[in-house]
Amino acid sequence: MSEVQYKLLVLNSFLNLTSDAVYIIDINGIVLEVNKKFEELHGWSRDEVIGNPMPLMPEELVEATKVFERIVNGEEVTVIEAKKCRKDGRFFFTDVSISPVHDENGNVIAIVVIERDMSDKKMAEEQLKESEERYRVLVECSPEPIIVYQDSVIVFANPSALRLIGALHPEQVIGEPISKFLHPEDLDKLPKDIYARLRDGTLSERAEERLIRLDGEVIYVESIAVPIDFQGVRSVQLLCRDMTDRKRAETELAYKEREFSRVLKLSPEPIMLHQGGIIVFVNDMGIKLLKGSTMEEFVGKSILNYFSPNDYTVILDRMTRVVQSDDYMEFIEMKLKCQDDQLVDVEVSSICMHRDKSNPIIQIVIRDLTERKKTEEMIRRSDKLSVAGELAAGVAHEIRNPLTALRGFMQLLRDKKTDYVDIMLVEIDRISYIVNEFLGMAKPQALTFIACDLPELIEQVLVFMQPQAILYNVQMNLNIQFPISSIECEPNQIKQVYMNVLKNAIESMPQGGQIEIAISMKNEGMIMTRIIDQGGGIPEDRLEKIGEPFFSLKESGTGLGLMVCNRIVEAHKGKITIQSVVNEGTTLEIELPTAKGS
């Protein structure tokens, strides 16, 4: 290989391996050579340009001619920026390096042009410029005050910040220490080394501060500090919001609250104050009724959180009407929702206490109806018992003696093989049973309470009820969660209760099944007995009437048995609770208090 060939090979390798576009033109503008990068960048193939003038747009040709003349005249041209057009019409940006080629006499015979694609860089610069312009407009026109400081010295303040400080010109603020405008007691609220906090992932939170205007007035602002680069220097940008009006409103409201606080706090009835549906005050009785501990648990929350959703429409309507009225709104019944989600029957009335157009303050007076409801229920039940008792006292003795005689004569007739005697004896026994139930309900009984072991009493009842359980193919399972404290009771009456309950459970399963009996301790010194059967269950609409006289789900039932059970358990300061699901079974719970000292 000759030296010339070798040099051409090296030159060709250089041209095609470089990442820049390279092309060579003679002094007449004819293209002599191009590399592969030129083809990629310009979109023209080598065959399309070799031997032809460089394909340029008219404006590109004008600029290229000027540069070519400068080079021919001996001027040194190094790197210039140029906007080029591809074959497909798209534009790109390049840095162009131009080097002349001289002959042995020093005359320019060709020009080597090297182009580096700068489109991405140029686009990034344009986007950055556009972003900076948008940011400048945003900051300048922002209605919120923005302040930038470096090393605690203010370097920028937008027009809103100037108005906030009371400055007419930026020069009154720029260059001043930020501490000049911050209340001395709030200086420690300025973020320390915000860039270190940024690295730790703990950015500044919103803080309330007091600013001192140029005229000396103290105003309240809420601000957040953000690290930025301002003019190439690490800085802190404060985004502020004027909170003076809100603070004044809060101060005024606090004053008015203090005016009413003593009267409201000591009121014997629960009282709440709300502003636009948001609670601002609850007195001691209200906190107690809602089962809270402190007023802070309720302040700032919606009043609707503490009422049943069924009452929302009525509450919102009354909130609108009370502002337009000078009188108390009438008391109406509602369901109050306590902290533990329990619903309580209450009466509610309200009045507008402060007629601010934007945020009137409404006072709600609440009356707890729990005891009244209990009293009304006790009166209703007492009336039923009284009617049943009077009926029992007036009828039982009159019926019992004739029944005894009738039964005796029927037994004599049975010995004589008289027809239908057995049926008549069954009906007479049923009448006798009902009379005994009446007497057990109506007869005053002197209760003698003694300490008893409840599991032992229940085991005795189970022994007694076992024959009937076998008859119905029912299995009774007893589960005792020891230890179980003793109870003070009248043993025979407690046995009567469990006998009645178990009898009902057995008879609810004519096809057989299981009865689960569990005894366990509850909190607050109570013993719980849970009896679960697998019977047909009780419809929900009939569950409320269970225990009322003369109401029974059994064809031959009187409803007096469970009523007597209720009376016995209540006399022992306990209670009976029934839950039932149709076709699944019934759960009956009996709670009895433990003996004192046990």
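Reader: Which residue in β19 does L478 stand opposite?

Author: L478 stands opposite I517 in β19. This is a predicted model, like everything else discussed here.

Reader: How do β17 and β19 pair, and over how many bridges?

Author: β17 and β19, the latter covering residues 513–522, pair in the parallel sense, with seven bridges between them.

Reader: What sheet has β17 and β19 in it, and in which order do the strands come?

Author: An open sheet of five strands, in the order β17-β19-β20-β22-β21. The pairing in that sheet is mixed.

Reader: Which strands are at the edges?

Author: β17, residues 474–480, and β21, residues 575–581. Each of these edge strands pairs on one side only.

Reader: By how many degrees are neighbouring strands turned against each other?

Author: On average 15°, with direction ignored.

Reader: Which strands does helix α13 touch?

Author: Helix α13, residues 454–471, packs on the sheet and touches β17, β19, β20 and β22. The direction of α13 makes about 170° with that of β17.

Reader: And where does helix α14 lie?

Author: Helix α14, residues 491–507, lies across β17, β19, β20 and β22. It runs at about 170° to β22.

Reader: Changing topic: how many helices and strands are in the protein chain?

Author: The protein chain has 16 helices and 22 strands.

Reader: What percentage of the residues count as buried?

Author: 37% of the 598 residues of the protein chain.

Reader: And what is the accessible surface of the chain?

Author: About 36000 Å² for the protein chain, with 53% of that belonging to carbon and sulfur atoms.

Notes
Residues numbered from 1 in each chain as written. Predicted model: local features only at pLDDT ≥ 70, side-chain atom pairs only at ≥ 80, totals over all residues. Heavy atoms only, no water. Pairing = 2+ DSSP bridges. Helix = DSSP H or I, 4+ residues; strand = E, 2+ residues; numbered from the N terminus. Axes fitted to C-alpha atoms, helices over the stretch in contact; angles between N-to-C directions. Contact = heavy atoms within 4.5 Å. Buried < 20%, exposed > 50% of the residue type's maximum accessible area, 1.4 Å probe, protein only. Areas by Shrake-Rupley, 256 points an atom, 1.4 Å probe, with all protein chains shown as cover.
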